[in-house]
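Hi there,

Here is the structure I promised to pass on. Have a look at it first, and then read on for what turned up in it.

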Amino acid sequence: MVSYYFMQKMQTVIPKLPLVLLLKPFLLSLFFSILFLTLLSSQTPRHPKSTTASAGSDLRIRPGYTTYESYIHHQLNKTLNPRLRKIWTTRDWDRKVRVFTAFFANLTRRNLLSNSSKSLCIGARVGQEVSALRRVGVSDSIGVDLVPHPPLVVGGDFHALPFANETFEFEFSNVFDHALYPEKFVGEIERTMKGGGICALHVSINKRGDKYSANDLFSVGPLVELFKESELVEVRPVDGFGLDTEVVFRKKIIHQ
């Protein structure tokens, strides 16, 4: 369709060109290239943006998802990959539990997590984070992911968590980059967290995520803006499976 329209257009344009242009291949090539690109762009389908970014250009939503269903389908390609799930539950299991245990023990030493904290791990896949929490003594802990993995992980979408308001005292996630709607992701954390509760996020600031990431974060600024009901407690570097920054928030206590 494009080539036919293009040829018709050329038949009407070429005779009108000055003879001198016909003798200059470079100029003709440039003219035809510009016209072709103009015609092609006019026929390219335009898809609506999936969401908006916060804090200027420091949080960018990746393009390419025409519907929310296409986004979920893309995420499930990784989550349901049988090879990856076998790796996560076998040779990767002990290593990840050990690293997460060190992270949570550190939070405990800083009085940001206690054994009595009712805890949630968001985007927990097969539950290494939950196992680590229980190992450090946080027995009342559960994970949530698109695909359940009993008994450690229940099924649910982190854009609409399947828990009641103010359920948890501690929430952890290292999948912020997978959120297509960052404002909903953070909103669900704040909705389900009790006043005074702690949220610890592991994010990547200095390195871009893989092909399953739905956004790219370039500073902590957008997170501070998104956590409207919480205050920033601290930011520190970490080395956690490709993620380089730990950001901790405390939900404000609203006095009635």
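Which helix gives the most to the lining of the largest cavity? Helix H4, residues 68-79, does, with 5 residues.

Before going further, please keep in mind that this is a predicted model.

**The cavity**

The count comes to 1 cavity of 30 Å³ or more, and the volume of the largest cavity is about 210 Å³. Its lining is made up of 15 residues. Nearest the centre of the cavity are Gln 75, Thr 79, Asp 145, Phe 158 and His 178. Sorted by class, the residues lining the cavity are 5 nonpolar, 6 polar and 4 charged.

The largest pocket has a volume of about 500 Å³. It is lined by 26 residues, and those closest to its centre are Asn 174, Asp 177, His 178, Phe 241 and Leu 243. By class, the pocket lining has 8 nonpolar, 9 polar and 9 charged residues.

You will find His 178 in both lists: it is among the residues nearest the centre of the largest cavity and among those closest to the centre of the largest pocket.

**A glycine to look at**

Gly 156 sits in the loop between strand S4 (153-155) and strand S5 (168-173). Leaving out residues up to four places away in sequence, Gly 156 touches Val 144, Asp 145, Leu 146 and Pro 162. Leu 146 is 10 residues from Gly 156 in sequence, with 5.1 Å between their C-alpha atoms. Asp 145, one of the residues that Gly 156 touches, is also one of those nearest the centre of the largest cavity.

**The protein overall**

The protein has 9 helices and 9 strands. It is 256 residues long, and 46% of them count as buried. For contacts between residues at least 6 apart in sequence, 65% join residues at least 24 apart.

Best wishes

Terms used
Residues are numbered from 1 along each chain as its sequence is written. This is a predicted model: local features need pLDDT of at least 70, side-chain atom pairs count only at pLDDT 80 or more; totals for chains, interfaces and linings use all residues. Side-chain values use heavy atoms; hydrogens and water are left out. On a 1 Å grid over the protein atoms alone, a cavity is a set of points where a 1.4 Å probe fits but cannot get out, and a pocket is an open set with protein on both sides within 12 Å along at least five of seven lines; lining residues have an atom within 4 Å of a point. Grid points are joined across faces, edges and corners, and a volume is the space filled by probe spheres set on the points. Ala, Val, Leu, Ile, Met, Phe, Trp, Tyr, Cys and Pro count as nonpolar, Asp, Glu, Lys and Arg as charged, and the others, Gly among them, as polar. Helices (H or I, at least four residues) and strands (E, at least two) are DSSP runs, numbered from the N terminus. Contact means heavy atoms within 4.5 Å. Buried means under 20% relative accessible area, exposed over 50%, partly exposed in between (1.4 Å probe, protein chains only).
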